[in-house]
Amino acid sequence: MAADADRRPIVWAFSTSRLRHVFESVAPLLANVAEVRVFDKGFEEALQVARSHVEAGEEVDAFVAAGANGAYLRDHADVPVVVVMASTVDALQALVQARKLSNRIGVVNFRRVVAGIEQSAGLMSDLVIEQRPYVTPEDVKAHVADLAAQGFGVIVGPGPVCDFAERQGLPAVLLYGQDSLSEAIRHAAEVARIARAAEAKRLEVERVLRHLDLGVLAVDGDERIQSLNPALQRVLGVTSAEVTGRRLSAIAPELSLARVLETGTPELDVVQRLGGRTLVVSRLPLREAGVQRGALLTCQDSAAIQRLERGLRSEHRPPRFVARFDLAGILGTSPAIARVRALAERYARSDATVLITGESGTGKEMVAQGIHRASRRRDRPFVAVNCAAFPETLLEAELFGHEEGAFTGARRGGRPGLFEAAHTGTIFLDEIGDVPTTLQTRLLRVLQERQVLRLGSNDPTPVDVRVIAATHRDLRGAVGRGEFREDLFYRLAILPLHIPPLRERGDDVQEIASDLLKRALLRHGEPDAHRRALALVLPRLAGYGWPGNVRELENVLERVAALFVDRGPRTRIPEEELRAAMPEVFEHPVPAPAASSADLRAARDALERAHVERVLAECGGNQTEAARRLGIGRTTLYRKLGRA
């Protein structure tokens with residue numbers, strides 16, 4: 001088929017009967033629509049003639065033929081075939097001609113009766129019409145003989161029927177006229193234009209795919225391979241001719257698209273092995289007019305992705321002060337967490353200071369980032385600082401900056417602090433309850449005056465910054481004990497937001513666990529184990545108090561995910577291995593409800609301290625390593641152990 005979309009379509013018409021003369025009379029009238037060539041050939045002989053002309057370099061876009069000849073060509077030709085259908089105009093004209101010969105008219109047409117012909121006949125008085133469909137030449141002989149025996153004086157039908165009737169001594173009228181043939185040729189020209197446009201698009205896509213390093217393969221609804229580009233041929237070690245039309249599952253079971261064809265659900269960026277290679281594979285359903293017609297597979301060698309990732313990391317380092325989490329990413333449907341999301345969304349519309357409280361590991365920074373991303377400052381810096389992670393002197397320099405020579409080791413030329421880095425954006429002061437009292441005064445002044453004074457400088461710098469603070473401590477209690485300035489507390493707690501611990505969020509544990517486990521299994525290259533792993537751990541999660549909250553849950557599920565590495569889909573995880581992976585869940589039941597809030601805090605603190613001491617023991621007494629595992633600063637570690 002020619003790819004030149006500008007030329008006229010080329011249509012070949014085939015007929016061995018009197019219909020050929022009608023084709024020849026119509027062709028010049030449609031010269032602006034298509035280039036029509038008429039052949040006095042039919043059936044297999046027509047196919048042979050067409051093939052010889054094509055092999056000689058001639059172009060053709062579509063065939064047109066009538067009756068059994070058209071049906072045969074449609075089933076065997078390599079180009080689109082339009083079968084001539086009798087138009088109402090031609091059928092009525094044929095009846096008018098036939099009525100001049102007899103008022104009893106037999107209509108013999110290929111495979112179907114002519115729709116509406118009886119209604120048209122009602123316009124003529126004393127007219128009797130009998131319709132007979134045929135398939136084979138034997139049917140034609142039988143119908144013509146029967147109609148003649150019943151006294152019908154004229155036959156209307158396609159060319160071969162007319163020829164046979166006249167040989168039997170019956171007059172005949174051709175059913176098709178210029179209107180029917182013109183309509184068929186116009187239809188063939190339109191079909192040709194559509195086919196040429198589709199072919200041009202396919203060739204363009206193939207040209208693009210041929211030069212991609214990404215392997216691409218498409219299958220139909222039966223998972224039979226329709227096309228694959230050279231990159232995927234190299235991955236599979238096959239040629240397109242060898243596998244086209246075969247089921248993908250038979251060629252490479254690891255890459256099967258059967259599940260996507262069954263569910264219609266995409267599977268994106270799955271890491272899996274094929275032979276000795278690690279591939280990143282995506283599977284996508286292919287839909288047409290809302291109906292799934294097949295599926296698409298793309299894959300790339302993980303080494304190529306790693307090279308690209310290293311290049312991007314070296315050339316395009318991500319901005320340092322960026323918030324990554326949205327409020328919509330906070331999982332859970334419990335009333336407690338729903339209130340947190342609703343309140344955070346409301347606070348995002350304000351610039352007032354927010355104080356987020358909650359136990360360690362509840363996701364306070366995630367909420368802070370979500371508030372920033374939902375605020376008018378979303379495109380400005382989000383600067384997070386853990387106030388418990390720095391010694392007092394270093395924290396002061398980090399927050400407020402310093403001038404050259406302000407202290408031993410001060411950077412030449414000085415350095416702006418994090419408040420200045422957060423200018424026009426948001427600063428997140430995590431573990432605000434651990435800020436030393438000597439620094440609380442300076443922090444209060446910054447919040448009041450919105451100016452920072454670098455160490456060693458006498459010139460304040462104005463800052464436009466929204467402050468979000470967070471702590472797991474009871475700041476009101478700290479104020480009462482003289483450990484935290486009361487005026488600073490009220491400056492911070494303008495918009496209070498408490499995040500409930502995981503044990504108070506009901507079924508949220510299951511939803512969060514499902515998401516965390518899916519991510520962990522993906523990191524371990526075992527995404528297909530998600531359903532089995534979830535069924536294994538869910539019954540045990542509800543019976544534990546989670547003193548480390550979501551952070552502890554994530555750690556436990558990371559260990560569980562490791563159990564499924566390199567294990568088949570039917571391999572059972574032994575109970576002792578599961579117990580070793582999540583000892584805290586098996587060994588520490590949920591504490592009984594406390595009689596008062598004070599007792600509840602005491603029980604919680606005791607449970608938390610036991611957890612910290614266990615981690616410290618696992619680290620051989622190495623406090624730095626224990627603090628790293630727990631995700632807290634050493635100062636916080638000392639306090640939790642009662643040594644601060």
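Biologist: Among contacts between residues at least 6 apart in sequence, what share joins residues at least 24 apart?
Modeller: Keep in mind that we're looking at a predicted model. Here we take the contacts between residues at least 6 apart and ask how many of them link residues at least 24 apart in sequence. That share comes to 64%.

Biologist: And how many helices and strands does the protein have?
Modeller: The chain has 644 residues, and 45% of them count as buried. As for its secondary structure, the tally is 28 helices and 22 strands.

Biologist: Where is pLDDT under 50?
Modeller: Across the protein the mean pLDDT is 84, with 89% of residues at 70 or more. Residues 592-597 are below 50, and that stretch has 2 contacts beyond near neighbours in sequence. Where pLDDT is low, the predicted coordinates should not be read in detail. Another stretch that stays under 50, with 2 contacts beyond four places in sequence, is residues 312-318.

Biologist: Which side chain does the side chain of His472 join in a polar contact of 2.9 Å?
Modeller: Leaving aside neighbours within four places in sequence, His472 is in contact with several residues, including Gly358, Lys364, Asp434, Arg639 and Glu431. The polar contact of 2.9 Å links the side chain of His472 to that of Glu431.

Technical notes:
Residues are numbered from 1 along each chain as its sequence is written. This is a predicted model: local features need pLDDT of at least 70, side-chain atom pairs count only at pLDDT 80 or more; totals for chains, interfaces and linings use all residues. Side-chain values use heavy atoms; hydrogens and water are left out. pLDDT is the predictor's confidence in each residue, from 0 to 100. Contact means heavy atoms within 4.5 Å. Helices (H or I, at least four residues) and strands (E, at least two) are DSSP runs, numbered from the N terminus. Buried means under 20% relative accessible area, exposed over 50%, partly exposed in between (1.4 Å probe, protein chains only). A polar contact is a pair of N or O atoms within 3.5 Å; within protein, one must be able to donate a hydrogen and the other to accept it, and residues adjacent in sequence count only if both atoms are side-chain atoms.
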